[in-house]
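Hi everyone, thanks for making time. Let me put it up on the screen.

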Amino acid sequence: MKKNCNYCERGCLISEEDSGFCGVYTLSGGKIREKYPDQYSSIGTSHIEGVPFFHVLPASRTLILGGAGCTMDCEYCSNAYVARTSPGESLRYCLPPEEAVKYALRTGCSSIAFAINEPAVAVPTIRKIAVTAKEYGLYTGILTNGFMPEETVKILRRDIAFVNVSIKAGTGDTYRSLTGVDGTEIVRRTVGLFRESVFTEVSTPIIQGRNDIELPIIAGFIEKIDPEIPWHLFRLLPEYRMADEMRPDIGEISRQLLELKKHVPFLYFGNFVGSEWVNTECPSCGRLLIERLNFGGCGAKCVQNLLPGSVCTGCGRTIPLFTGKWDGAA
Amino acid sequence: MKTGMIDVIDWQISLNMKTGRQTGPLQPIEKAVSALLNRHPYPGDLQGSGCAWVTDTALDILQWYQPEFMFLGYCDLFFSTVFQPPGAADRKALSDQVFGQIERFKKESGFEVIILGLGNLRPVESTVDMNGLDGWCEAVGMTPQYAGIFSPSEADLRRIRGDSRTCGLFSRDVFCKTFDAVPLFRERCPDYLAYAEDGHYFRALGTTSRPIFRMPAKDRFLPLYISSSESGAASAETILDLKRCVLEDLKSARTALIFTEGIGTEEFPLPFRKIDCTMGSHSYAHGEGHYHTIMTGEHFPRRPYPPAYRAYLDDHGGKPYPFSGYFETIGERSMGAEFSGKSAAVGARSILTHAAAGTDIIVECFARALYNHGVMAVVDREKLGG
């Protein structure tokens, strides 16, 4: 007997006790199930800006859970040691939902974030955690490549509160060459679907010479859905099969981003130490609202939050912010 | 004020180390350091060429700054063995490379050198899973040999004591009293500290997910090579003595203290004498303990960072020295800080170099969890008259 796994867009045909591309789902008793439910490769506590989420519960703490396996095969993968190896070797923590929630509460976290590998490979586990977390007043968020069918988005968005979707390219050719699949339309659909009811940020890794010329296409797409969506751009430190590639030129990319910021005002450029592009300023009056420092790596750390609610203290403009409640896109 | 200068290849920023905010125009010495960083990009932790980077950078500084004391950290043997499967790197060849680079430094600089191997690496026998307690456990870092236990139940304590891979379980009171901990260490110390047997490390909240192939052994002695027969280090019995000895040596000779990580008495290629690296029944393994204890001459409970320190408690915006990890001061009471002459440091151990060295100029790799972000320098602007 064989059955398609429909948690991601690959739709792998899986036979009993076998697994598909991600190595995490199997067919058991006629049903597609997780091979490693409630199992993780890492558990850590950090500030939420490091995930990165810049407009979600600023300056709060989050419990970061990492699993193993992925639905894409990115040439530059920064976490290949968990995303592209045999999941069974990496998933060394068994943490039932109650245990994860206990960790979060005892370490002063306001949320739980799945952020190391692709969450679509662990949808039932994430749902269980999100449901349990909600009972204890915690929010759950995910960082995803967005390569998932509508049904998976709908399952996830029932219980998660915030999402960061990675848009890796603006065209199918570039998507294929970087990730092994054409995610253009699928990922865009995912962003739109999440945006309907979940607080959404998006990310793009910049690989100069490969996808930087497509940044205006991606910006155009974001602007069309909602220009207020926070957009994180990363200066990619090439790893894995692209380890020998050059790093993007910060000066050149910055000049390009100045133009794009006119269309997507909450645009951030990071993954290089000391970046001056990680603060939140009011697009209308220019007032500094949230000051952050980048210590290397994605995201940043909040050092000063001057935004008491969701409204600029200078001019009264509304700033998109998840503070525990999100009514969906306007 | 200490200026932090960061070079991420083709782009630099300078900042006030204490606040993390950008500084104004560079002083002349900072301009020289800026050019230095540009000339010496860090090759990465696993490329086997970190040792050449340390020597090249140190000799470059020597040319235009002429320090009398240098502190150097060579880490290739550690990173390549801990994070790569056996056979990925030829240890003998790498060791020859590292010690070849140290010899080149010695020859070209004319410095007397004191070389300390920071200990053997050994296979990982097991990891001790500390999840599922009634309380909770934090075990921070790559191969944590201490685990911090918070709010444990009696059953938790029985479980931990009953695990043969745990060789000690100390309450906060006992640990702090036994080792004369400073008040802030005590305040931050977990309710209990568990200590792993040699060859085992703990796995809990905060443990790295990178595959680990070998880990630091719990050596009781480290190998120490001294180039000068006149050196006071010849009388050093423990790692606590080195600070005093080096400061004494500096009265008569330009001296470099050199750490070689990932090599201990089993493989050290130079003639050596053994020095004790223990604190009671505890052995120092690679990491913060070594760096600070050796540079300050004080055991680690004299500093306010207990094992399993919950750095996330500092995630408020006001933490001083935000680019220094969880350290709230840098270089305090260290050899570099207490030496009044000119001093410089170069190391491939990221934050630990600038947190422990205390020298006028410090250059280190800016690598985090093996991700190579660039290089960072710390310049003591006040001491250098900026």
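So, this is a predicted model. Let's begin with helix α5 of chain B, residues 154-161, where the buried residues are Asp156(B), Leu157(B) and Ile160(B). Their directions span an arc of only 95° around the axis, so they sit on the same side of α5(B). Turn to the other side of α5(B), and you find Glu154(B) and Arg158(B) exposed. What do the buried residues of α5(B) pack against? Their partners are three strands of chain B: β8 (146-150), β9 (166-171) and β10 (192-196).

Now for the sheet. In chain B there is an open sheet of 10 strands with mixed pairing, and its order reads β2-β1-β21-β20-β19-β3-β15-β4-β14-β16. Which strands stand at the edges? They are β2 (12-16) and β16 (273-276) of chain B; each has a single partner strand, so one side of each has no neighbour in the sheet. From one strand to the next, the twist averages 20°.

Let's zoom in on one pair. Strands β4 (residues 112-117) and β15 (residues 255-260) of chain B run in the parallel sense, paired over six bridges. Within that pairing, Ile115(B) is opposite Ile258(B) in β15(B).

Helices come back in here. Helix α8 of chain B, residues 242-249, packs on the sheet and touches β3, β4, β14 (221-226), β15 and β16 of chain B. Its direction makes about 170° with that of β4(B). Then there is helix α2 of chain B, residues 50-65, lying across β3 (69-74), β19 (343-347), β20 (361-368) and β21 (371-380) of chain B. Helix α2(B) runs at about 165° to β3(B).

Definitions and conventions:
Residues are numbered from 1 along each chain as its sequence is written. Chains are lettered from A and ligands numbered from 1 in the order in which they are written. This is a predicted model: local features need pLDDT of at least 70, side-chain atom pairs count only at pLDDT 80 or more; totals for chains, interfaces and linings use all residues. Side-chain values use heavy atoms; hydrogens and water are left out. Buried means under 20% relative accessible area, exposed over 50%, partly exposed in between (1.4 Å probe, protein chains only). Helices (H or I, at least four residues) and strands (E, at least two) are DSSP runs, numbered from the N terminus. The arc is that of the directions from the helix axis to the C-beta atoms. Contact means heavy atoms within 4.5 Å. Two strands pair if DSSP finds at least two bridges between them. Axes are lines fitted to C-alpha atoms, for helices over the stretch in contact, and angles run from 0 to 180 degrees between N-to-C directions.
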